Amino acid sequence: MNFKNATLLFFLLLACFSRLEAQISPGELVNAHAPFEGMSNCTKCHDFGKQVSSTKCLDCHTEIKNLIAKGRGYHASSEVKSQNCFACHKDHHGRNFQIIRFDTKNFDHRKTAFELSGKHGQLKCADCHQTKFIKVSKYRSKQGTWIGLETQCVNCHEDFHRKSLGENCSGCHNTTSFKTVAKFDHSKTKFPLTGKHSTLDCTKCHTKEVKDGKPSQKFTGLPFGNCTPCHKDFHSGKFGTDCKKCHSTQSFHQVNSKEFDHGKTNYPLLGKHRTVACESCHGKSNSFRPKHENCVDCHKDFHKGQLTDGDGKTRNCNLCHTIEGFSPSLFSIDKHALLKFQLTGSHLSIPCVQCHHKQTDWQFRIRGERCVNCHKNIHGNEISSKFMVDDACEVCHNNTSWKQITFAHDSTKFPLLGKHAKASCARCHVWPNSAGEKTYKFASLNLNCEGCHKDIHLGQFREWDNNNCLRCHVNDSWDPVKFDHNRTSFTLIGAHAKVECVRCHKEVHHGNERYILYKLGDAKCVTCHA
C-alpha cells in the first residue's frame, strides 16, 4: 500500500471512530470531570456495561464517603443515602452544566442533622457556608461546596470563654441568645447555689477579665473550698475557715448557736448570757464586735449615773450584781453598814426595792438620815415641836417597831394615872374620820373625861360647860368612891342611910337614851312617899 492510500485509510478510520464515540458518550462532562473525558476513562465512573457506580463516585469523593460513614450531613440522611449519586448529580450535559443544584429557599436543613433553630433560622446560606468556616483543608479547597462545616458552635462563633469550658456550648446556651443561659444548671456543678447565692448576679462571682487581649469571663478555676475567697472574714481567722459551722447561705445573721463556740471569743458566755438571743447583743446590723468592756455597753443603767466614781465613770456592776442575774444584789448588810445610813432593826428585813425604787425609777443616793425622808409624818401638827423637835420620830419610836413607843407622858398636861397608864396609845389617840380612815389626835384631844368617855349621866353634873368627873370617880375605877351624899343638899340620915340608891334614883328613858336620874329636884317627902 502506497503512502497515499495509507493516509486515506487513516482518515477513514478516524472518521469512523469519531462516529462510534459519538454513539457511546451522551455528551461532554462538566468542567470538574473534564479530566475523565474519553473512552479510556469510562470505567473510572462506570462499571463495564452498566450505569454510573455510586461506589466509584464515593471512592473519588472521599469527603462525602467520610461524612456518610460518620452519619453526618445531608448525604447521610435516609432520603439520600439509599439513592444513587446520579439521581441528583447528572453529567454529560456539557462543560458548564450545573451538576450540583438544589432549591436553597425550600431546602429542609433538618435533613443535614443540623436544624436551623433560633437565630440560625434568620441567616442566609452564605452567612454560614463560607470557606473561612471550613476547618478541613480538603473541603476548603472545593469552591462552592456546601459541605465541610462542623456543627460545633466554635467553628463559626468566637469562643468567649477561651476554651476554658470546652466546646459544648449547648450545655448552657441556646440558639436564641448567647446571653441567655437558661439551660445551665448550677446545681450540677461542684458548687450548687443555695440561699442568697441563688439571687446573685453571675458577674458578682464570675468577674469579667481580659484574656489573650480579648474580653472574657472567668467561670472555671474559682476557689470555693471556703467562704473567704469571696467574703471578708470579719473574725480575722480566729474561728478558722469553715464558716458553715456557724453560718448558712440564707444569711450571715443566722448563726447556728449549737455549733458556734462563744468560749473562743474574748467574751465567753456565762450565767444568764447563755440564754440571750444573739441579736440582743450583736443587733441586726451584723455587728460582730460589740462593745463589752462595761455592763452598760449592753445593759441600761437603771441607776442613771447615780453610782459613779469621782471621775464620772460608771462603777463596776459586779460589785453588786452577778451574771447569774441582776437580783438578788450582792450589796450586803455589811456593805450598807459602811454608809451614812446603817440598817438596823426592822430596816434589815425591808427589801431594797421598797426604799430605792420609787414609782418607775431607781434611786440610790437618797437622803435617809431622818425618818421623814422615807416615812410620812402621820401626826402632822398634832404633835408640837416641843415634843417632836425637827420631826425627830425617834423621840417616841424606834426602828424595830412603830408600836414600841417610849414617850414621857408625864411631861404633858395629862399624866397617865390609874388605868390610863395601862391603856394603849391607840385607845386615846387613834380616831376614825368621816371616811372611816384612821387619824391620829394628840394636841387636838379634849383633856376632859368626856373627850374620850361617854357621859352616861347626860349632863346632870355639868357645871360651867364641863363635867368634873373626878369629884366622884378616880382613874382606877368608875365606882364613885369619892362621892359623899352628905355634901349634897339631901343629907342621908336615919333610915335614908340604909336605903339602896336605886330606890330613889330610878332608870329613866329619854328618847333612845337610858340613864339614872340623880338630880331629883325638890327634896320633899311627898316626892318619894305617898
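The protein chain contains 13 helices and 10 strands, where helices (H or I, at least four residues) and strands (E, at least two) are DSSP runs numbered from the N terminus. The structure is a predicted model, in which local features need pLDDT of at least 70 and side-chain atom pairs count only at pLDDT 80 or more, while totals for chains, interfaces and linings use all residues. Residues are numbered from 1 along each chain as its sequence is written, and side-chain values use heavy atoms, with hydrogens and water left out.

Along the principal axes, the C-alpha atoms fill a box of roughly 230 × 65 × 30 Å. Of the 530 residues, 14% count as buried (under 20% relative accessible area, with exposed meaning over 50% and partly exposed in between; 1.4 Å probe, protein chains only).

Cysteine 45 sits in the loop between helix 1 (3-24) and helix 2 (54-60), and its relative accessibility of 27% makes it partly exposed. Leaving aside residues up to four places away in sequence, cysteine 45 touches Val52, Ser53 and Lys56. Aspartate 59 is 14 residues from cysteine 45 in sequence, and their C-alpha atoms are 9.6 Å apart in space.

Rings of Phe, Tyr and Trp (its six-membered ring) pair if their centres lie within 6.5 Å, and planes under 30 degrees apart count as stacked, over 60 as edge-to-face and the rest as tilted. By this rule there are five aromatic pairs. One of them, formed by phenylalanine 461 and tyrosine 518, is tilted, with 5.8 Å centre to centre and 45° between the planes. Phenylalanine 461 lies in the loop between strand 6 (438-440) and strand 7 (462-463), and tyrosine 518 in the loop between strand 10 (513-516) and helix 13 (525-528), so the pair ties together parts 57 residues apart in sequence. Both partners are partly exposed: phenylalanine 461 has a relative accessible area of 25%, and tyrosine 518 has a relative accessibility of 34%.

How values were computed: Contact = heavy atoms within 4.5 Å.
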